[in-house]
Amino acid sequence: MSGNELREAYLQFFSEKKGHLRLPSFSLIPQDDPTLLLIGAGMAPLKPFFTGKMKPPRTRVTTSQRCVRTGDIENVGRTARHQTFFEMLGNFSFGDYFKGEAIPWAWEFLTEVIELPKDKLWVTVYPDDTEAIEIWKSQPGFPQDHIVKMEDNFWEIGPGPCGPDSEIYIDLGEERGCGSPTCAVGCDCDRYLEIWNLVFTQYDRQEDGSYKNLAHKNIDTGCGLERLASVVQNKKTNFETDLLYPIIEYAAKVAGVEYGKDEKTDISLKVIADHARSMAVMIMDGILPSNEGRGYVLRRILRRAIRHGRMLGIKGKFLEGAVDAVVEIYRDASDFGELIAKHDYIKKVISIEEDRFAATLNQGMELLDAEIKSLKADGKDELPGEVGFRLYDTFGFPWELTEEILHENGLDLDKEGFDKAMDEQRERARSARAENQRVAVPDLSGIDVSKLKVDPEAKEAKVVAIWKD
Ligand code: ATP
Ligand code: MG
Ligand code: MG
Ligand code: MG
């Protein structure tokens, strides 16, 4: 089963067999939610339906939500299961069905539709959730001792709707484990792979910390498409599935390296594959590289990918070709029509950013390498904040990138010093009344993007004109 078929199987199962309304993925840019930079879960754009602020179009909804989690950026390539960009399949109930349906349907989908082996599946539950335990145990063929009680299985953020959750794992075999005698479900190694999280929102946490029963109980589930694909396609990592591997193949070819021979090389290939998908989809959703907010996340991801290209020995520009590979992956996927429509535009934006960073990357790396050598020679373990700031300001190194390179060398960045240098520069800029060149995120909805022009000379990648017919 291809990744695209898997997405389709899930959405069809919940819409055609279980009465859910199938909605397209929401944008990565949250609407009316200033607390959030980027959508990182299927339930995030549906929050108003959960809180009752808005009436849902139907009480049962299913989506494949595009997600970005920058919090997982350093895991990319190091674990088998984390990307910054992934799709979260989900089925949701707004005061409609509850545990008695959510659990059997998850079991049915996994064991009957995609036919995962029942004896390899495990679940975790909240210790007090006897209701969920009983329901799990009554599923056909459920391995009775594959339930683990975990205190962590409770989902809440401050006062408001919250409740226990239950996670589904698959045992990929002892040979994939860390070998520790305590290795079990929940271990961070690759043996037990978390594939699906079912959240049972049944309480309303009060300001005083007590819990009341919710009048309308909700269901929120999240299942990683790439993880599911790795299981169904029998691949060791998400990166070897058809949702990512074509990008690895492309990058390996450009770099003249082979995948699967050397760990460090593989990490760089995986980073490029993941980051290429992230940047393409972020730009598709209207984000442009900049020095703040979402634009900065995009810039950081882009520049990180470029650096990993250099680490592989790629001398020239290579990201546009990676975007072509991304577009091919999603050509027949639902919800990615805009990716095809904005293909050229996305490449233009990336090409400008790649030119800009390529011009300074080598010089910056030389400076940083020299600093690292001298720190080591002096027995010091921290790069002064001003040097980190110079790398940022003159050479375009996102500070996180500098910090990461330092970490690879067992060193740290003086972040306080960096912030101070940054503040001082801001102050200078303010007093000089320098124009703060911010790039607004353009609203591209309803615009024919094939007609967008990007100014290649611009300091920031900014849309300058919309062609008129
Ligand atoms: P993990 O413990 O493996 O980091 P999680 O508990 O943080 O996962 P959830 O927040 O429960 O993940 O998200 C629901 C599902 O989304 C997960 O069960 C997984 O299938 C998928 N998922 C979460 N984070 C990622 C990621 N970074 N890359 C790919 N899939 C992910
Ligand atoms: Mg996580
Ligand atoms: Mg987890
Ligand atoms: Mg989880």
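Domain 1 (3–232) and domain 2 (244–380) are the parts given by the domain assignment of the protein, whose bounds come from an automatic or database domain assignment. This is a predicted model, in which local features need pLDDT of at least 70 and side-chain atom pairs count only at pLDDT 80 or more, while totals for chains, interfaces and linings use all residues. Residues are numbered from 1 along each chain as its sequence is written, and chains are lettered from A and ligands numbered from 1 in the order in which they are written.

**The two domains**
- The centres of domain 1 and domain 2, taken over C-alpha atoms, are 30 Å apart.
- Their contact takes 20 residues from domain 1 and 20 residues from domain 2, where two residues are in contact if their C-beta atoms, placed from the backbone, lie within 7 Å.
- On the side of domain 1 that touches domain 2, helix H1 (3–17) and strand S2 (60–68) are the elements that give two or more residues, and S2 gives the most, with three residues; helices (H or I, at least four residues) and strands (E, at least two) are DSSP runs, numbered from the N terminus.

**Helices H12 and H14**
- The axes of helix H12 (residues 385–393) and helix H14 (residues 415–431) come within 7 Å and cross at roughly 55°, with axes being lines fitted to C-alpha atoms, for helices over the stretch in contact, and angles running from 0 to 180 degrees between N-to-C directions.
- H12 and H14 are therefore oblique to each other, since angles under 35 degrees count as roughly parallel, over 145 as roughly antiparallel, 65 to 115 as roughly perpendicular and the rest as oblique.
- Among the residues that make this contact are Gly-385 and Phe-389 of H12 and Phe-418 and Met-422 of H14.
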